[in-house]
Amino acid sequence: MQTQLERSNLTENEKMEAFLARIDRGEKIEADDWMPDDYRNQLIKLISMHGISEIMGALPEKEWVPKAPTLRRKLAIMAKVQDEMGHGQLLLRVAEDLLAPLGKTREDLMQDLFAKRLKFHNVFHMEAPTWADAGVIGWLVDGAAIITQSMSLDTSYAPYARALHRICAEEKFHAQHGESIVLELAEGTEEQRKMLQEAITRWWPSLLMFFGPPENGTITSNQSTNMRYKIRTQTNEELRQAFLKKYLPRIFHLGFTVPDDTIYFDEAKDQWVYQQPDWEAFKEIVKGNGPRSAHRLNLRETSYTETKWVRDAIMAYGRHVG
Amino acid sequence: MDMNKETEANNNFFIYEVFSQKSVNASFVHQFSLLAPNKEVALAMARENFLRRESCFNIWVVKRDDIYSLSPEERPFLERIDNKSYRETKGYGDLQARWRYHREQYEAKQKQAESGS
Amino acid sequence: MGDFSRVETVEAAKQNHEYTQALTDLLFQLADDDFILAYRGSEWLGLAPHIEEDVAFSSMSQDMMGHAVMFYEMLEQLGVGKADDLAQLRAADAFRNAILVERKNGEGDYNNDPHYDWAYAIVRSYVYGLHKQVRLEALLQSSYVPLTLVSRKMLTEHRYHLMHWQVWLKQLANSTPEARQRLEAAIEKVWKDAGELSQLGPNADSIARYGLIAAEDELKQKWLTLAQENFEKVGLVWPGEPGVPAERGRHGQHTAELVQALATLSEVYRIDPAASW
């Protein structure tokens, strides 16, 4: 086609200018649109990590699926973990379409995960030793996830936006699921309250780490790329503050504490002032050296490897019927 | 996405696009895509992946390779000039007033005839 | 079906002690079968061969557990006990499920080094599913009207799942030699237990006499006919008369695998069954 030829005659610079103009106009980019390599790479990094975190995130809660204490809770947590797998599916599909021109597939993402090249969220490397941990994951980890995901709803990459809209609609149920578990424990016996307090204390540093290190005035190149391309629009610290504003008062209203003696709200600056978690530990955790990293990676790798015959089999059947 | 090339992934699993119909009177709506080795498995997994909460009357799965679509460069050509009022109801806003005029004329004549008799 | 007249309500059922006893026993069989197999299904969460299938598989387990809940609630209405207690606080010897549904998914624990067998998952779900289909259809004629109502609801949901297992069985049966071999091994394993599915336990006679469900033989014949038809349709060798396990699940005899499963599924609830969870 005439026009197509004309367009493809554009220089790389002209394509880039046209692309940035689209971003500035607030237009959305589709999978088959021209995009600069760093836009594609940034999206792949962000979305494949997001997707694989959902898949790995199913594992700590999965520990509590068969053990959930009532029939209703058993059904609810099964549905919730199923949704997490479903969110992983949506996000991996988006990442896979971005990877396709590079000749990579879901298989490569799985192998990257097993080789620790593809990282997943710090929270999913942690232990979840009690039922209250399942509650805290549902309430606060999902709460944190809702804050980051809602911020990205307006992302410039249309397929990601569409996936996030589906995800956020379900996350509202997840947060309520978590709140319901937590409130039951908070209104319950001494033992139940103790269990919950211990879980909050245990998860506190991980929750602070969830949003990534604070910028302290300096923005990393990743972040500035993300912001220039409108992939995301808020900084780590802005997101963390939004989380603290929403959830800290609720923790206090239930009569619980966080393991930070000096935490306070600075009215003038309109922000919570908190003790920094150990960011060196954070780096180690996301590298795959957290308390449960090896165990969960092993769980995923074993099941994936040992069921290869199944995927091969249905693929072989597919060759006959198409 | 390059619709002409075989889109293969995950042990050569294929990408299937999933469409669903909410009720008998509703049109099919695109939901999302999934990876499957063949259409039967794609269909068997479709509802649970995208319609866990919504009601659903019927489902289609279509291999992405079989969808032919406009290229990004062609898509903007879908825009139309807004000069087609002749084919829309808003182009015929005068009709009601004209019918009213005729009814009123008629009723006035009737009244006249009645009072005249 | 027996000649017993229809019993419309819980209150009416309670008028006849023997009837209530037969009904209770049957409801435990129905509830425990679905509950324990759904539990086994829930252990698969996150471990299925393909992410999309993981999601689909979980719905089957959820729906199956949902059916168990409906049966436990019917028991609760009969005054047998609280549904949550019935599911979680009974000892293994009070469970009336068939042995087939309590078998582990494979070697290892769901959270520690699981080496689960997908072929077994498919064959067990499918064979159980075919039997459940026959059982639900028979329950449509039950003398206990509330049971006919829930069965009708369950049938629709169940047929959709059966369709899912059918696709899997057919594809695995007609794919690679390895898959075929694994499938045949799984059929052999399932078949050793499958004969117990249609048994109605120590109260079988009164269950049939009161017209709660069709007699064992009728259930068995219908189920085997349906299974044979479907096995042959996908090119599988019909394994013939199914065996029965050494333990008699419908009589409350169970394997250590059920004891382990019950300990896991009630672990949190048992911390304090009087508390609200």
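Colleague: Turning to chain C itself, how many helices and strands does it have?

Modeller: Chain C has eleven helices and two strands. Read from the N terminus, the order is α-α-α-α-α-β-β-α-α-α-α-α-α. The radius of gyration of chain C is 18 Å, close to the 19 Å from the globule rule for 277 residues, so chain C is as compact as a globular protein of that length.

Colleague: What percentage of chain C is buried?

Modeller: Buried residues account for 52% of the 277 residues in chain C. Of the contacts in chain C between residues at least 6 apart in sequence, 77% join residues at least 24 apart.

Colleague: Now chain A. Where is a kink found in helix 10 of chain A?

Modeller: The kink, of about 30°, lies at A:Lys245, shortly before the proline A:Pro249. The end C-alpha atoms of helix 10 (residues 236-253) of chain A are 26 Å apart, which agrees with the 26 Å that its 18 residues should span at 1.5 Å a residue. Helix 10 of chain A is followed by A:Gly255, which has a positive phi near 85°.

Colleague: Which residues of helix 10 of chain A are buried, and what covers them?

Modeller: A:Arg240, A:Gln241, A:Phe243 and A:Leu244 are buried. The cover over the buried residues of helix 10 includes helix 6 (131-152), helix 8 (190-209) and strand 2 (271-273) of chain A.

Colleague: Where in chain A is confidence lowest, and where is it highest?

Modeller: Confidence is lowest in helix 1 (residues 2-8) of chain A, with a mean pLDDT of 49, and highest in helix 8 of chain A, at 98. Chain A averages 93, and 95% of the residues score at least 70.

Colleague: What about residues 1-5 of chain A?

Modeller: Their pLDDT stays under 50, and the model has three contacts beyond four places in sequence for them. Where pLDDT is low, predicted coordinates should not be read in detail.

Note on methods: Residues are numbered from 1 along each chain as its sequence is written. Chains are lettered from A and ligands numbered from 1 in the order in which they are written. This is a predicted model: local features need pLDDT of at least 70, side-chain atom pairs count only at pLDDT 80 or more; totals for chains, interfaces and linings use all residues. Helices (H or I, at least four residues) and strands (E, at least two) are DSSP runs, numbered from the N terminus. The radius of gyration is taken over C-alpha atoms; the globule rule is 2.2 Å times the number of residues to the power 0.38. A residue is buried if 20 or more other C-beta atoms lie within 10 Å of its own, exposed if 12 or fewer, and partly exposed in between; C-beta atoms are placed from the backbone. Two residues are in contact if their C-beta atoms, placed from the backbone, lie within 7 Å. The expected span of a helix is 1.5 Å times one less than its number of residues. The bend at a residue is the angle between axes fitted to the seven residues ending there and the seven starting there. pLDDT is the predictor's confidence in each residue, from 0 to 100.
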